[in-house]
Amino acid sequence: MCGIVGFTGRQQAAPILLDGLEKLEYRGYDSAGIAVAQSGVAVHGGVEGAGLTKAYSAQSGSRQTVGAARPDAQEDWQEGTGAASARSVQDGSRMTGAGSAEPSIEIVKAKGRLKVLREMTDDGRSVPGTCGIGHTRWATHGEPSVVNSHPHYAKNKRVAVVHNGIIENYQEIRDRLTKEGFSFISATDTETVAHLLDKYYAGNPIEAISRVMFRVRGSYALGILFADRPGEIYAVRKDSPLIVGRSDQGNFIASDVPAILRYTRDVCFIPNLEIVKLTDREIHFYNVDQEEVEETFSQVNWDTEAAEKGGFAHFMLKEIYEQPKAVRDTVSPRISEGHVNLEELGMSQEDLAKVSRIQMVACGSAYHVCMTAKYMVEQTARVPVDVDLASEFRYRNPVMEKDTLVIVVSQSGETADSLAALREAKKLGYRVLGIVNVVGSSIAREADSVFYTWAGPEISVATTKAYSTQLAAVYLLAIGLGRARGVIDETAEQEMTRELLRLPEKIERILEEKERIQWFANKFSHSKDIFFIGRGLDYASSLEGSLKLKEISYIHSEAYAAGELKHGTISLIEDGILVVGVATQKSLFEKLISNMVEVKSRGAYVLGVTSYGNYSMEDVANYTIYVPKTMECFAASLTVVPLQLLAYYVALGKGLDVDKPRNLAKSVTVE
Ligand code: F6R
């Protein structure tokens, strides 16, 4: 998803914006741009010239100075008849305003990687100014191109805007504004916001923004510059994340913490429907009625190294290796003297005992956590668990029992469908518990109770360590519920918590054997299809293994409950196809072995994933990966690790960009 960064302070903004945007690259993007306020002193000459030279050599980009001083600049650009330099860039054009003492906004945009934008601006040095906003765009409305990239701006160059989210009624607004004489140059929904702001702006930015909020539907996080207010950034959000950070050197906006972690840990997650004004020294919050409101800042305890690769080739591999720590950090504080402590949920033992049903909702990998939870919680607490994809739940008008506890699982805490599902559940009057990684995120704030997973920042698009901590959170909840309902006794609780505390060390042991998986993965990096099969908890792990593989290796993959194979899918099995069989559950082991025999006899090459001790797996499997023994209910935490490594090394073998798979974004904040 798109990324936003903004800075106003006592340093040059552009280098900080570029640095911040780089930290958001993991979210996925196809173009990028920055807008920097020029205070009205000379903006041209040597420095500007340097930028021009760079821009000529860039592959694709555009650069314009817009502002009161250059009323004709955008028209020139629109018609593509701008300065001669425009013809020397391949995709887009570039124009700089004439020297002026009037305040203005300089905008530089480029298609493709941030590297291009860096080249065009001499690493930001050629765009002087201490206040600016930046954006990485992930195309939704309109193809990836310079003209569609952000910042967008109004025709009279008074306003520049970066936007995450979707303006749902943009077409209707666009038609209306077109009739009123506004002309649009991009295919984006965002440009409507720039024109609307321009239309409503009569010297009071907060008023103009609040009027826009009443006109637009959908989701938005906006960073805004007004040309006649150099040094000020305005921001507003609805259902799309945006944070504010403050430091001695100046103040920031960003769509995610890693973007500004290098500069500050003092952050505030902007509450929904609030407007923020930032200057180099002050931050003010306003509600939609334009009244000033107080907000509190909190310290993010993530360290900067956690958001850097730290010597690993990819964030994904680093995060796979961080799993022992992440699981330990999530589990240890919740266990004391063998007992699970769930006080942070604000639910008494009676409240927990009263839960008659659980409805879990999530997307993607988090949904697979819910699938695991279904088996685990039902066995440990004897509470029926229903699992739904958030995108389905939100529209299906669910029928639920009175004492149903709704659990929303989300790493980012911002996934649009999960957030909508949460709101739907609350609207229907149910208590919602969020299992969330990002402190202060929307789901964390809107849920009745929050159970934080302490995975730290997860940068790689493919989740690994957050997934493992979500599993750990589910185990703790299951044990707590099981005790409160009298399903498990103290001895069982002690035994389970002891084993939970050993999981990190067992994950470490799997990581020590990563070469065996790497060797195997290299043999299959050119597969066309790979299947995963399992039963019960192992089926849930198969779903995750298959998703991990397909999302980063682009190999078609499916996971099946092994008993389902005969009902259709087995016809796809042909010579040499890889089938991964996961088998850790004693009561289902023989059944799974039979399914593996079935596919092997039809030509499949079979990889078995099981626990040490289950050596009969080797009678069937062509290759076997063993994970340490654990209680069966926790096996998913161990089997997922070789499956993550398999996906990673297969993708690496294909030479793919593991951390930024095509078409995917880290945080899916639009529907
Ligand atoms: C897959 C992956 C996604 C996310 C899904 C939900 O590796 O990361 O499937 O699990 O988009 O995201 P969150 O947990 O942020 O709600």
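Two strands are said to pair if DSSP finds at least two bridges between them. Strands (E, at least two residues) and helices (H or I, at least four) are DSSP runs, numbered from the N terminus. The model is predicted: local features need pLDDT of at least 70, side-chain atom pairs count only at pLDDT 80 or more, and totals for chains, interfaces and linings use all residues. Residues are numbered from 1 along each chain as its sequence is written, and side-chain values use heavy atoms, without hydrogens and water.

An open sheet is formed by 5 strands in the order 20-19-21-22-23, with parallel pairing. Strand 20 (385-389) and strand 23 (449-452) are the edge strands; each pairs on one side only. Neighbouring strands are turned by 20° against each other on average, direction ignored. Axes are lines fitted to C-alpha atoms, for helices over the stretch in contact, and angles run from 0 to 180 degrees between N-to-C directions. Helix 11 (residues 364-381) packs on the sheet and touches strand 19 (357-362), strand 20 and strand 21 (404-410). The direction of helix 11 makes about 170° with that of strand 20. Contact means heavy atoms within 4.5 Å.

The largest nonpolar core holds 89 residues; Ile358, Met360 and Val580 touch the most other members. Such a core is a set of buried Ala, Val, Leu, Ile, Met, Phe, Trp, Tyr and Cys residues joined through side-chain atoms within 4.5 Å. Buried means under 20% relative accessible area, exposed over 50%, partly exposed in between (1.4 Å probe, protein chains only). A second, separate core of 36 residues includes Leu17 and Phe269.
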